Amino acid sequence: MLEFNHLLKNYQEGKTLPQDFYTDSNIFSEEMKRIYFKQWLMVDHISRIPNPGDYFVFDAEKESIIVIRGRDNEVRAFYNVCTHRGSRICLDEEGSKKLLVCPYHAWSFSAEGELKAARFMPEDFKKEEWGLRECHLKIYEGLVFINLSLDEPMNFDEFIEPLKEMMEFHQTSKSKIAIRKKYPTHANFKLVLENFQECYHCPTAHPELCAVQDKDWVVAMGAGIGTAPQKETDEYLNKIKPWVEECKKNGTPSEVYLETEEGLQKGLNRYVDRTPIGNGNLSQTKDGKPASSLMGQFKEFIFKPISLLESEVELIWLVNEEAEENKDFKPEEVSYIWDVTTAHDTTIIENNQEGLLSQSFKPGVLSENESAVTYFYNWYFTNMQLP
Ligand code: FES
Ligand SMILES: [Fe+2]
(Lines give C-alpha, C1' and ligand atoms only; values in the text may rest on other atoms or scores of the structure.)
(Ligands and ions follow the chains in the order given, each with its own letter.)
Protein backbone atom coordinates (compact mmCIF):
# COMPACT_ATOMS: atom_id res chain seq x y z
CA MET A 1 0.00 0.00 0.00
CA LEU A 2 1.38 3.41 -0.84
CA GLU A 3 1.57 5.98 1.87
CA PHE A 4 -0.07 8.49 -0.46
CA ASN A 5 -3.21 6.45 -1.15
CA HIS A 6 -5.00 8.82 1.20
CA LEU A 7 -4.47 11.69 -1.26
CA LEU A 8 -6.96 10.06 -3.56
CA LYS A 9 -9.68 10.84 -1.04
CA ASN A 10 -9.43 14.39 -2.31
CA TYR A 11 -9.89 13.34 -5.94
CA GLN A 12 -13.30 13.54 -7.57
CA GLU A 13 -13.88 12.13 -11.04
CA GLY A 14 -14.54 14.94 -13.53
CA LYS A 15 -12.13 17.29 -11.78
CA THR A 16 -8.39 17.82 -11.99
CA LEU A 17 -6.03 16.02 -9.61
CA PRO A 18 -5.39 17.40 -6.11
CA GLN A 19 -2.36 19.66 -5.72
CA ASP A 20 -0.08 17.12 -3.96
CA PHE A 21 0.11 15.01 -7.11
CA TYR A 22 2.07 17.85 -8.71
CA THR A 23 4.14 19.00 -5.75
CA ASP A 24 5.13 15.96 -3.69
CA SER A 25 8.60 14.61 -4.49
CA ASN A 26 7.77 11.16 -3.05
CA ILE A 27 4.97 10.84 -5.56
CA PHE A 28 7.34 11.92 -8.32
CA SER A 29 9.92 9.23 -7.52
CA GLU A 30 7.18 6.63 -7.29
CA GLU A 31 5.87 7.76 -10.72
CA MET A 32 9.31 7.33 -12.23
CA LYS A 33 9.53 3.76 -10.91
CA ARG A 34 5.98 2.72 -11.68
CA ILE A 35 5.37 4.53 -14.95
CA TYR A 36 8.33 6.09 -16.71
CA PHE A 37 10.81 3.27 -16.14
CA LYS A 38 8.28 0.64 -17.22
CA GLN A 39 7.12 2.07 -20.54
CA TRP A 40 8.74 1.73 -23.94
CA LEU A 41 10.02 5.24 -24.65
CA MET A 42 10.54 6.53 -28.15
CA VAL A 43 13.88 8.35 -27.92
CA ASP A 44 15.01 9.17 -31.44
CA HIS A 45 15.21 8.26 -35.10
CA ILE A 46 17.85 5.81 -36.27
CA SER A 47 19.18 8.20 -38.92
CA ARG A 48 20.85 10.14 -36.10
CA ILE A 49 23.53 7.41 -35.85
CA PRO A 50 24.21 6.09 -39.39
CA ASN A 51 27.84 4.87 -38.93
CA PRO A 52 29.62 2.48 -36.56
CA GLY A 53 30.73 4.38 -33.44
CA ASP A 54 28.02 7.07 -33.81
CA TYR A 55 26.14 7.63 -30.57
CA PHE A 56 23.75 9.93 -28.77
CA VAL A 57 22.89 10.24 -25.11
CA PHE A 58 19.33 10.19 -23.83
CA ASP A 59 18.89 11.74 -20.38
CA ALA A 60 15.75 11.48 -18.31
CA GLU A 61 15.37 12.04 -14.58
CA LYS A 62 18.46 10.50 -12.96
CA GLU A 63 19.24 8.15 -15.84
CA SER A 64 21.52 8.71 -18.80
CA ILE A 65 21.60 6.21 -21.65
CA ILE A 66 24.13 5.91 -24.48
CA VAL A 67 22.61 4.66 -27.73
CA ILE A 68 25.49 3.59 -29.98
CA ARG A 69 26.00 1.76 -33.27
CA GLY A 70 28.59 -1.01 -32.94
CA ARG A 71 31.21 -2.05 -35.49
CA ASP A 72 28.86 -4.93 -36.32
CA ASN A 73 26.23 -2.29 -37.27
CA GLU A 74 23.97 -3.37 -34.37
CA VAL A 75 22.50 -0.52 -32.34
CA ARG A 76 22.66 -1.02 -28.55
CA ALA A 77 21.81 1.01 -25.48
CA PHE A 78 24.01 1.19 -22.36
CA TYR A 79 23.75 2.94 -19.03
CA ASN A 80 26.10 5.91 -19.11
CA VAL A 81 27.70 4.66 -15.91
CA CYS A 82 31.29 3.43 -15.71
CA THR A 83 31.60 -0.07 -14.26
CA HIS A 84 34.73 1.04 -12.37
CA ARG A 85 33.46 3.59 -9.87
CA GLY A 86 30.34 4.83 -11.52
CA SER A 87 31.35 8.00 -13.35
CA ARG A 88 29.41 9.27 -16.37
CA ILE A 89 31.33 8.21 -19.47
CA CYS A 90 29.89 10.24 -22.36
CA LEU A 91 29.59 13.88 -21.44
CA ASP A 92 28.57 15.13 -24.89
CA GLU A 93 25.04 14.80 -26.23
CA GLU A 94 26.24 13.02 -29.35
CA GLY A 95 29.37 12.09 -31.26
CA SER A 96 31.29 9.31 -32.93
CA LYS A 97 33.93 7.24 -31.14
CA LYS A 98 35.90 4.04 -31.66
CA LEU A 99 36.26 3.69 -27.91
CA LEU A 100 34.23 5.16 -25.08
CA VAL A 101 36.84 6.35 -22.61
CA CYS A 102 35.77 7.17 -19.07
CA PRO A 103 36.99 10.67 -18.14
CA TYR A 104 37.84 9.57 -14.57
CA HIS A 105 40.49 6.78 -14.75
CA ALA A 106 40.35 6.09 -18.49
CA TRP A 107 38.72 2.68 -18.52
CA SER A 108 37.85 2.17 -22.19
CA PHE A 109 34.84 0.42 -23.65
CA SER A 110 34.17 -0.69 -27.21
CA ALA A 111 31.12 0.48 -29.15
CA GLU A 112 29.67 -2.96 -28.35
CA GLY A 113 30.01 -2.26 -24.63
CA GLU A 114 32.96 -4.53 -23.77
CA LEU A 115 35.66 -3.33 -21.41
CA LYS A 116 38.82 -3.10 -23.51
CA ALA A 117 41.38 -1.43 -21.25
CA ALA A 118 41.81 -0.91 -17.51
CA ARG A 119 45.26 -0.25 -16.01
CA PHE A 120 46.85 -1.87 -12.94
CA MET A 121 44.03 -4.22 -12.17
CA PRO A 122 44.56 -7.25 -9.88
CA GLU A 123 45.61 -10.44 -11.60
CA ASP A 124 42.29 -12.20 -11.13
CA PHE A 125 40.36 -9.27 -12.65
CA LYS A 126 38.36 -10.47 -15.65
CA LYS A 127 37.72 -7.68 -18.16
CA GLU A 128 34.93 -9.63 -19.83
CA GLU A 129 32.86 -9.37 -16.63
CA TRP A 130 32.98 -5.58 -16.51
CA GLY A 131 31.35 -4.47 -19.75
CA LEU A 132 28.78 -1.66 -19.77
CA ARG A 133 25.35 -2.49 -18.42
CA GLU A 134 22.89 -2.87 -21.29
CA CYS A 135 19.48 -1.21 -21.43
CA HIS A 136 16.54 -2.71 -23.38
CA LEU A 137 16.31 -1.34 -26.92
CA LYS A 138 14.07 -1.97 -29.92
CA ILE A 139 14.00 -0.38 -33.33
CA TYR A 140 10.75 -0.23 -35.18
CA GLU A 141 10.24 1.55 -38.52
CA GLY A 142 13.40 3.56 -37.89
CA LEU A 143 12.23 4.73 -34.48
CA VAL A 144 14.44 3.91 -31.51
CA PHE A 145 12.67 2.77 -28.34
CA ILE A 146 14.27 2.06 -24.97
CA ASN A 147 12.88 0.60 -21.77
CA LEU A 148 14.51 1.47 -18.45
CA SER A 149 13.11 -1.50 -16.57
CA LEU A 150 15.82 -3.55 -14.86
CA ASP A 151 13.64 -6.63 -15.20
CA GLU A 152 12.17 -8.14 -18.34
CA PRO A 153 10.18 -5.28 -19.95
CA MET A 154 6.69 -5.54 -21.37
CA ASN A 155 6.70 -7.41 -24.67
CA PHE A 156 7.56 -4.90 -27.40
CA ASP A 157 5.75 -6.70 -30.22
CA GLU A 158 2.58 -6.81 -28.20
CA PHE A 159 2.98 -3.11 -27.39
CA ILE A 160 3.47 -2.03 -31.01
CA GLU A 161 1.04 -4.44 -32.69
CA PRO A 162 -2.11 -2.25 -32.84
CA LEU A 163 -0.13 0.76 -34.10
CA LYS A 164 1.60 -1.08 -36.90
CA GLU A 165 -0.75 -0.44 -39.80
CA MET A 166 -0.59 3.33 -39.35
CA MET A 167 3.11 3.45 -38.63
CA GLU A 168 4.09 1.30 -41.57
CA PHE A 169 1.94 3.44 -43.83
CA HIS A 170 4.04 6.49 -42.97
CA GLN A 171 7.31 4.66 -43.70
CA THR A 172 9.32 6.40 -41.02
CA SER A 173 12.04 3.82 -41.71
CA LYS A 174 12.63 5.55 -45.05
CA SER A 175 12.94 8.99 -43.57
CA LYS A 176 15.56 11.25 -42.05
CA ILE A 177 15.61 14.03 -39.51
CA ALA A 178 14.85 17.42 -41.05
CA ILE A 179 15.15 19.40 -37.83
CA ARG A 180 14.87 18.90 -34.07
CA LYS A 181 13.91 21.34 -31.33
CA LYS A 182 13.78 21.16 -27.56
CA TYR A 183 11.22 22.86 -25.35
CA PRO A 184 12.37 22.92 -21.72
CA THR A 185 9.26 23.31 -19.59
CA HIS A 186 9.14 24.43 -15.95
CA ALA A 187 6.30 22.13 -14.99
CA ASN A 188 5.52 18.66 -13.69
CA PHE A 189 5.44 16.13 -16.54
CA LYS A 190 1.78 15.30 -15.87
CA LEU A 191 0.78 18.86 -16.74
CA VAL A 192 2.65 18.47 -20.03
CA LEU A 193 0.81 15.23 -20.80
CA GLU A 194 -2.56 16.61 -19.68
CA ASN A 195 -2.14 19.48 -22.08
CA PHE A 196 -1.72 16.98 -24.92
CA GLN A 197 -4.99 15.26 -23.92
CA GLU A 198 -7.21 18.17 -24.86
CA CYS A 199 -7.71 20.79 -27.54
CA TYR A 200 -10.10 22.84 -25.39
CA HIS A 201 -7.20 25.32 -25.23
CA CYS A 202 -6.55 25.32 -28.99
CA PRO A 203 -8.82 28.19 -30.09
CA THR A 204 -7.23 30.46 -27.45
CA ALA A 205 -3.63 29.27 -27.56
CA HIS A 206 -3.02 28.04 -31.10
CA PRO A 207 -4.23 30.50 -33.77
CA GLU A 208 -1.71 29.08 -36.30
CA LEU A 209 -2.87 25.48 -35.90
CA CYS A 210 -6.52 26.52 -35.93
CA ALA A 211 -5.96 28.51 -39.13
CA VAL A 212 -4.74 25.46 -41.02
CA GLN A 213 -7.16 22.85 -39.58
CA ASP A 214 -10.91 22.62 -40.08
CA LYS A 215 -12.53 24.20 -37.02
CA ASP A 216 -14.77 21.17 -36.44
CA TRP A 217 -11.62 19.03 -36.33
CA VAL A 218 -10.25 21.25 -33.56
CA VAL A 219 -13.29 20.54 -31.38
CA ALA A 220 -13.91 16.90 -32.26
CA MET A 221 -10.47 15.52 -33.09
CA GLY A 222 -7.90 18.08 -31.88
CA ALA A 223 -6.99 15.82 -28.96
CA GLY A 224 -8.19 12.59 -30.54
CA ILE A 225 -11.49 10.84 -30.96
CA GLY A 226 -13.87 10.72 -27.99
CA THR A 227 -12.55 13.86 -26.34
CA ALA A 228 -15.49 16.04 -27.44
CA PRO A 229 -19.19 15.74 -26.57
CA GLN A 230 -20.94 12.92 -28.48
CA LYS A 231 -22.93 15.30 -30.71
CA GLU A 232 -19.85 17.16 -32.01
CA THR A 233 -17.99 13.89 -32.48
CA ASP A 234 -20.84 12.32 -34.48
CA GLU A 235 -21.23 15.42 -36.63
CA TYR A 236 -17.55 15.45 -37.44
CA LEU A 237 -17.38 11.75 -38.26
CA ASN A 238 -20.37 12.25 -40.52
CA LYS A 239 -18.66 15.17 -42.24
CA ILE A 240 -15.52 13.18 -43.07
CA LYS A 241 -17.41 10.13 -44.37
CA PRO A 242 -16.57 10.88 -48.03
CA TRP A 243 -12.87 11.05 -47.09
CA VAL A 244 -13.10 7.71 -45.26
CA GLU A 245 -14.74 6.17 -48.34
CA GLU A 246 -11.97 7.58 -50.50
CA CYS A 247 -9.33 6.08 -48.19
CA LYS A 248 -11.03 2.70 -48.34
CA LYS A 249 -11.00 2.84 -52.13
CA ASN A 250 -7.29 3.75 -52.17
CA GLY A 251 -6.39 1.23 -49.49
CA THR A 252 -5.01 3.92 -47.18
CA PRO A 253 -5.72 3.84 -43.43
CA SER A 254 -8.44 6.08 -42.00
CA GLU A 255 -8.97 4.27 -38.73
CA VAL A 256 -8.55 5.27 -35.12
CA TYR A 257 -6.96 3.00 -32.53
CA LEU A 258 -8.26 3.80 -29.07
CA GLU A 259 -6.87 1.82 -26.13
CA THR A 260 -8.91 -1.25 -25.26
CA GLU A 261 -10.12 -2.13 -21.77
CA GLU A 262 -7.59 -4.97 -21.75
CA GLY A 263 -4.74 -2.61 -22.73
CA LEU A 264 -5.77 -0.14 -20.04
CA GLN A 265 -5.67 -2.89 -17.42
CA LYS A 266 -2.07 -3.54 -18.48
CA GLY A 267 -1.24 0.11 -17.95
CA LEU A 268 -1.12 1.01 -21.65
CA ASN A 269 -2.65 4.07 -23.28
CA ARG A 270 -1.92 3.82 -27.00
CA TYR A 271 -3.65 6.02 -29.52
CA VAL A 272 -3.30 6.57 -33.22
CA ASP A 273 -5.53 8.23 -35.78
CA ARG A 274 -5.45 9.68 -39.24
CA THR A 275 -7.92 12.40 -40.24
CA PRO A 276 -8.07 15.00 -42.99
CA ILE A 277 -6.66 18.43 -42.22
CA GLY A 278 -9.63 20.15 -43.88
CA ASN A 279 -10.06 23.56 -45.49
CA GLY A 280 -8.48 22.14 -48.65
CA ASN A 281 -5.06 22.11 -46.98
CA LEU A 282 -2.57 19.40 -47.84
CA SER A 283 -0.12 19.82 -44.99
CA GLN A 284 0.20 21.34 -41.53
CA THR A 285 2.29 24.25 -42.74
CA LYS A 286 1.82 28.02 -42.69
CA ASP A 287 0.17 28.06 -46.12
CA GLY A 288 -1.25 24.52 -46.04
CA LYS A 289 1.02 23.42 -48.90
CA PRO A 290 3.35 20.41 -48.67
CA ALA A 291 6.63 21.25 -46.96
CA SER A 292 8.63 18.50 -48.61
CA SER A 293 8.49 15.91 -51.34
CA LEU A 294 6.94 12.41 -51.16
CA MET A 295 6.06 11.52 -47.56
CA GLY A 296 5.74 15.21 -46.73
CA GLN A 297 6.63 15.79 -43.11
CA PHE A 298 6.07 13.77 -40.02
CA LYS A 299 6.75 14.70 -36.41
CA GLU A 300 7.64 12.75 -33.31
CA PHE A 301 7.19 14.03 -29.76
CA ILE A 302 9.53 12.93 -26.99
CA PHE A 303 8.48 13.67 -23.40
CA LYS A 304 11.04 13.69 -20.60
CA PRO A 305 10.43 14.25 -16.92
CA ILE A 306 13.58 15.92 -15.53
CA SER A 307 12.54 16.52 -11.92
CA LEU A 308 9.37 17.21 -9.96
CA LEU A 309 8.86 20.64 -11.56
CA GLU A 310 10.97 20.34 -14.71
CA SER A 311 10.19 18.54 -17.95
CA GLU A 312 11.31 18.67 -21.54
CA VAL A 313 9.50 18.12 -24.80
CA GLU A 314 11.62 17.37 -27.83
CA LEU A 315 10.26 17.38 -31.34
CA ILE A 316 11.82 15.67 -34.32
CA TRP A 317 10.51 16.40 -37.81
CA LEU A 318 11.10 13.67 -40.33
CA VAL A 319 11.11 13.95 -44.10
CA ASN A 320 11.66 11.37 -46.80
CA GLU A 321 15.27 10.21 -46.81
CA GLU A 322 15.67 11.24 -50.46
CA ALA A 323 14.51 14.81 -49.90
CA GLU A 324 17.22 17.44 -50.16
CA GLU A 325 17.44 20.33 -47.75
CA ASN A 326 16.71 23.74 -49.30
CA LYS A 327 15.74 22.08 -52.58
CA ASP A 328 12.84 19.83 -51.57
CA PHE A 329 12.26 21.27 -48.08
CA LYS A 330 13.24 24.10 -45.80
CA PRO A 331 13.59 22.97 -42.17
CA GLU A 332 11.91 26.12 -40.85
CA GLU A 333 8.89 25.57 -43.12
CA VAL A 334 8.62 21.92 -42.13
CA SER A 335 8.68 22.79 -38.44
CA TYR A 336 6.66 26.02 -38.46
CA ILE A 337 3.18 24.94 -37.24
CA TRP A 338 4.29 22.52 -34.51
CA ASP A 339 7.13 24.77 -33.43
CA VAL A 340 4.86 27.75 -32.73
CA THR A 341 2.19 25.43 -31.33
CA THR A 342 4.58 23.66 -28.95
CA ALA A 343 6.17 26.95 -27.88
CA HIS A 344 2.69 28.23 -26.95
CA ASP A 345 1.97 24.97 -25.16
CA THR A 346 5.14 25.42 -23.08
CA THR A 347 3.93 28.84 -21.98
CA ILE A 348 0.41 27.73 -21.05
CA ILE A 349 1.73 24.64 -19.22
CA GLU A 350 4.16 26.79 -17.21
CA ASN A 351 1.34 29.24 -16.38
CA ASN A 352 -0.70 26.24 -15.27
CA GLN A 353 2.10 25.02 -12.98
CA GLU A 354 2.59 28.45 -11.41
CA GLY A 355 -1.07 28.87 -10.55
CA LEU A 356 -1.31 25.31 -9.32
CA LEU A 357 1.34 26.00 -6.66
CA SER A 358 -0.84 28.64 -4.97
CA GLN A 359 -2.24 27.95 -1.52
CA SER A 360 -5.63 28.91 -2.96
CA PHE A 361 -5.60 26.15 -5.62
CA LYS A 362 -8.52 23.71 -5.65
CA PRO A 363 -9.10 21.03 -8.33
CA GLY A 364 -11.34 22.50 -11.05
CA VAL A 365 -14.17 20.98 -13.08
CA LEU A 366 -13.19 19.59 -16.49
CA SER A 367 -15.21 20.61 -19.56
CA GLU A 368 -16.89 18.13 -21.89
CA ASN A 369 -14.06 18.87 -24.30
CA GLU A 370 -11.47 17.53 -21.84
CA SER A 371 -12.73 14.02 -21.21
CA ALA A 372 -9.38 12.50 -22.21
CA VAL A 373 -7.83 14.17 -19.16
CA THR A 374 -9.98 11.91 -16.94
CA TYR A 375 -9.06 9.02 -19.23
CA PHE A 376 -5.41 9.92 -18.65
CA TYR A 377 -5.93 9.99 -14.86
CA ASN A 378 -7.45 6.50 -14.97
CA TRP A 379 -4.42 5.26 -16.89
CA TYR A 380 -2.24 6.98 -14.31
CA PHE A 381 -4.07 5.40 -11.35
CA THR A 382 -3.79 1.94 -12.92
CA ASN A 383 -0.03 2.30 -13.35
CA MET A 384 0.43 3.79 -9.90
CA GLN A 385 -1.68 0.94 -8.51
CA LEU A 386 -3.97 3.40 -6.81
CA PRO A 387 -7.46 2.04 -6.10
S1 FES B 1 35.09 5.66 -12.79
FE2 FES B 1 35.43 5.27 -14.85
S3 FES B 1 37.48 4.72 -14.98
FE4 FES B 1 37.18 5.08 -12.89
FE1 LIG C 1 -1.64 22.74 -27.28
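The dialogue below takes the sheet and then the domains.

A: Gladly! Keep in mind that this is a predicted model.

Q: Let's begin with the sheet. In what order do the 7 strands lie, and is the pairing parallel or antiparallel?

A: As a general idea, strands of a sheet pair through backbone hydrogen bonds, in either a parallel or an antiparallel way. Here the order is S1-S10-S9-S4-S3-S2-S5 in an open sheet, and the pairing is antiparallel.

Q: Which are the edge strands?

A: Look for strands that pair on one side only: these are S1 (41-45) and S5 (94-96). Going from one strand to the next, the twist averages 30 degrees.

Q: How many bridges join strand S4 and strand S9?

A: Residues 75-79 of S4 and residues 134-140 of S9 pair in the antiparallel sense over 2 bridges. To find the place on your screen, go to Ala77, which stands opposite Cys135 in S9.

Q: Now the domains. How is the chain divided?

A: Domain 1 covers 1-39 + 157-387, while domain 2 covers 42-153. Their contact takes 19 residues from domain 1 and 14 residues from domain 2.

Q: Which elements each supply at least two residues of the side of domain 1 that touches domain 2?

A: They are helices H2 (25-36) and H4 (164-170), together with strands S11 (175-185), S14 (297-307) and S15 (310-320). The largest share, 5 residues, comes from S14. By class, that side of domain 1 has 11 nonpolar, 3 polar and 5 charged residues.

Conventions: Residues numbered from 1 in each chain as written. Chains lettered and ligands numbered in written order. Predicted model: local features only at pLDDT ≥ 70, side-chain atom pairs only at ≥ 80, totals over all residues. Pairing = 2+ DSSP bridges. Helix = DSSP H or I, 4+ residues; strand = E, 2+ residues; numbered from the N terminus. Axes fitted to C-alpha atoms, helices over the stretch in contact; angles between N-to-C directions. Domains from an automatic or database assignment. Contact = placed C-beta atoms within 7 Å. Nonpolar A, V, L, I, M, F, W, Y, C, P; charged D, E, K, R; others polar.
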